Amino acid sequence: MLTVVKIAGSGAAAYGQYLEGRTVAVDAGDYYLSQSGELVEAPGRWLLGAKGAETLGVDTDGAVAAEQFQAVMEVRNPATGEQLRASGAGGSAVAAIDATFSAPKSVSAVWALASPGLRAEIEAAQERAVDAALRHATEFVPMVRRRVDRSIVLRETPAELIASSWRHTTSRAVAGRAPDPQLHSHVVLHGAVRQGDDRVVAIESRAWLVHQREVGAAYRAQLATEFRALGFGIEAGTGRGGRYFELAGVPDGLLQQWSGRHQQVRAAIDRRLAERVSELQGQVDAGGSGTDAAAGRLAALERSGQLLPAEQRAVAMRTRAAKGKGGLQTAGDLDRAWYEAAREHGFDARSVQALLHESGRVVDVAEPELAIERRILERLTEFDATFAAREARAVALEVSAGGDPAAGLAALERLRERREILELADGRETTRAHRGAERAAVAAARALADETAPAVAQELVDEEVSELRSALALGGAQLAVEQEQAMRVACSDRRLVVIVGQAGTGKSTALTGVARAHQEAGRRVMVTSTGAQAAERLTSEFAQAGVDAAGYSTMALQAAVRRGAVTLSPEVTVIHDEAALASTREQAWLLEAVAESGARIIEVGDPRQSGAVGAGG
């Protein structure tokens, strides 16, 4: 994965000392662990082009000397002592940006158990993957600002980057245990050489944050290629959204055990999240002038289940206190601790050697060109209806993990040339298939809206309205005017009815009366929703009211209709609950199936309460 953090001028010296400190053993030789119990690492290396190397007066292939690094962290040119680049607004300057490229946990596990020779090859593969990611960023990320006049600022790709890379192999130590293996590289972005005038300028951190997924995908795609060349099998499509990869054959239990630092940070974030919810709830309960704002922040926090990125980073930083060595003194001690942990999961150095013969084992990669193109198209609109060019490149790189990253990018361009990917007026893109689904959904909705069917008898509707009104009155409530209107429209001659209502406004109560009236009129009632639980919940409420309805997730309903287990017909009423959660593809299929079968459909939900789970809505 890739994380991007700005290094403020006030913290640059301390951060520089941290990176330098990991390269120097406190005791004689690099055989001993550092004071925090972590491995002593190799010195940093410069990542420079010819112009950057000439400007700084350093060797592009050389190690980073302490005095040189101190100078660039102070935004000074190590060759001349002069200011390296212009200061930011207010006369201050962000010292650098830390882009940290972390290998998948299985890669770190294999590195920890590998022979010295294989460790060196893995470390070289990590360096090449980082270099590939920076080349990609230089080509595609518009990280350099050029002011044309007072009101116009252009953003361009740089001619070169001025950066240093610091490879680390362990996570920060956690109290009471050995540090976990974690192969990662801190790439410190000091500046960029601007195209045209060769000036050294600042890098805009926002550009890196916006392109974070894309640059991270370029790194992982190259790393997967490197490991396949070493002889390892690749399991592609792992993790959130199928964006990541792991090495085949490394036990999941070991990967979980060696995620101690991640678990420590996650626990701290969860504690802070609970505290924040409690704080906001207290403000809401207390009332006062800030109640509405606190209620809004509370709702947003509960909906997302996450702190803001800046607050998450702050929480992670607070957990970075120096930890003890847990009795470990030397690199050999740490190796033995790792070997013992791995053996508990039936994995050891011999297991690593066995994996070297798995290079042919690649899941979902190295497919024929058409298969790669198909997977790119599927992934592009898996969750969103539109996407930026950078997101398309990220997907192309992710699906090519273990194969050739260049082939993934080439496939993306072929799709654009054949207009399988369409550019929209605002500069974003969508796929021809998704646009087709949107048009199909709209056409089916219009067809249903233009047609009528026999209405439920008026006396049945009146009876249900009266029964609901009486039942609510027993509890001290009453049937709202809007609820009665919704019931009457849903029992009319309309084949398509849309009911919009916020949570708690009585949609389910009104639907119970609607379902009873339709059943009394001899119709079969089906309930569907994106989530099976929502469909089951409404079906259960109907059952308590005497309605024999069948409930399905929309995916399950589609499968049942296709295999003939369920038949839609003019005698069927489909109630689509929480319809705002439905993706465009779900809506297109459901509306077309209802339109073609002669059935009628009642769409119920609130688009302000929740958005579609899949692309569109």
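A residue is called partly exposed when its relative accessible area falls between the buried limit of under 20% and the exposed limit of over 50%. Gln83, at 49% relative accessibility, is therefore partly exposed. The structure is a predicted model. The chain contains 23 helices and 18 strands, and of its 617 residues 49% count as buried.

**Whole chain**

- The accessible surface of the chain is about 28,600 Å², and carbon and sulfur atoms account for 50% of that surface.
- Among the contacts in the chain with a separation of 6 or more, 72% are between residues 24 or more positions apart.
- The count of salt bridges comes to 36.

**Salt bridges around Arg45 and Asp131**

- Arg45 and Asp131 form a salt bridge through their side chains, with an N to O distance of 2.8 Å.
- Because Arg45 belongs to strand β2 (residues 45-48) and Asp131 to helix α5 (residues 116-140), this pair ties together parts that are 86 residues apart in sequence.
- Asp131 has a relative accessible area of 22%, so the residue is classed as partly exposed.
- A network of salt bridges links Arg45, Glu123, Glu127, Asp131 and Arg167.

**Strand β6 at Ser165**

- Ser165 is a residue of strand β6 (residues 160-170).
- The relative accessibility of Ser165 is 2%, so Ser165 is buried.
- With its neighbours within four places in sequence left aside, Ser165 is in contact with Gly44, Arg45, Leu47, Glu127, Val130, Ser185, His186 and Val187.
- Two of these contact partners, Arg45 and Glu127, also belong to the salt-bridge network that includes Asp131.

**Other salt bridges**

- Arg155 pairs with Glu204 in a salt bridge whose closest N and O atoms are 2.9 Å apart.

**Packing of helices α17 and α23**

- Helix α17 (residues 432-450) packs against helix α23 (residues 584-597) at an angle of about 35 degrees, and the axes are 8 Å apart.
- The crossing of α17 past α23 is left-handed.
- On the α17 side, the contact is made by His434, Ala437, Glu438, Ala440, Ala441, Ala444, Ala445 and Leu448.
- On the α23 side, the contact is made by Thr584, Arg585, Gln587, Ala588, Leu591, Glu592, Val594 and Ala595.
- Sorted by class, the residues in the contact of α17 with α23 are 10 nonpolar, three polar and three charged.
- Residues three or four places apart in an α-helix point the same way, because the helix has 3.6 residues a turn.
- Contact residues of α17 include Ala437, Ala441, Ala444 and Leu448, and those of α23 include Thr584, Ala588, Leu591 and Ala595.

- The buried residues in helix α3 (residues 66-73) are Gln68, Phe69, Ala71, Val72 and Met73.
- Val75 follows α3 and has a positive phi, near 60 degrees.
- Gln83 is located in the loop between α3 and β3 (96-102).
- Not counting residues up to four places away in sequence, Gln83 touches Val75, Arg76 and Asn77.
- Val72, one of the buried residues of α3, is 11 residues from Gln83 along the chain, and their C-alpha atoms are separated by 9.0 Å.

**Helix α18 at Asp462**

- Asp462 is placed in helix α18 (residues 458-474).
- The relative accessible area of Asp462 is 35%, so Asp462 counts as partly exposed.
- Asp462 and Glu484 are 22 residues apart along the chain, with a C-alpha separation of 9.7 Å.

Note on methods
Residues are numbered from 1 along each chain as its sequence is written. This is a predicted model: local features need pLDDT of at least 70, side-chain atom pairs count only at pLDDT 80 or more; totals for chains, interfaces and linings use all residues. Side-chain values use heavy atoms; hydrogens and water are left out. A salt bridge is a side-chain nitrogen of Lys or Arg within 4 Å of a carboxyl oxygen of Asp or Glu. Helices (H or I, at least four residues) and strands (E, at least two) are DSSP runs, numbered from the N terminus. Buried means under 20% relative accessible area, exposed over 50%, partly exposed in between (1.4 Å probe, protein chains only). Axes are lines fitted to C-alpha atoms, for helices over the stretch in contact, and angles run from 0 to 180 degrees between N-to-C directions. A crossing is left-handed if the near helix is turned anticlockwise from the far one by less than a right angle, and right-handed if clockwise. Contact means heavy atoms within 4.5 Å. Ala, Val, Leu, Ile, Met, Phe, Trp, Tyr, Cys and Pro count as nonpolar, Asp, Glu, Lys and Arg as charged, and the others, Gly among them, as polar. Accessible areas come from the Shrake-Rupley method with a 1.4 Å probe; for residues, only the protein chains shown count as cover.
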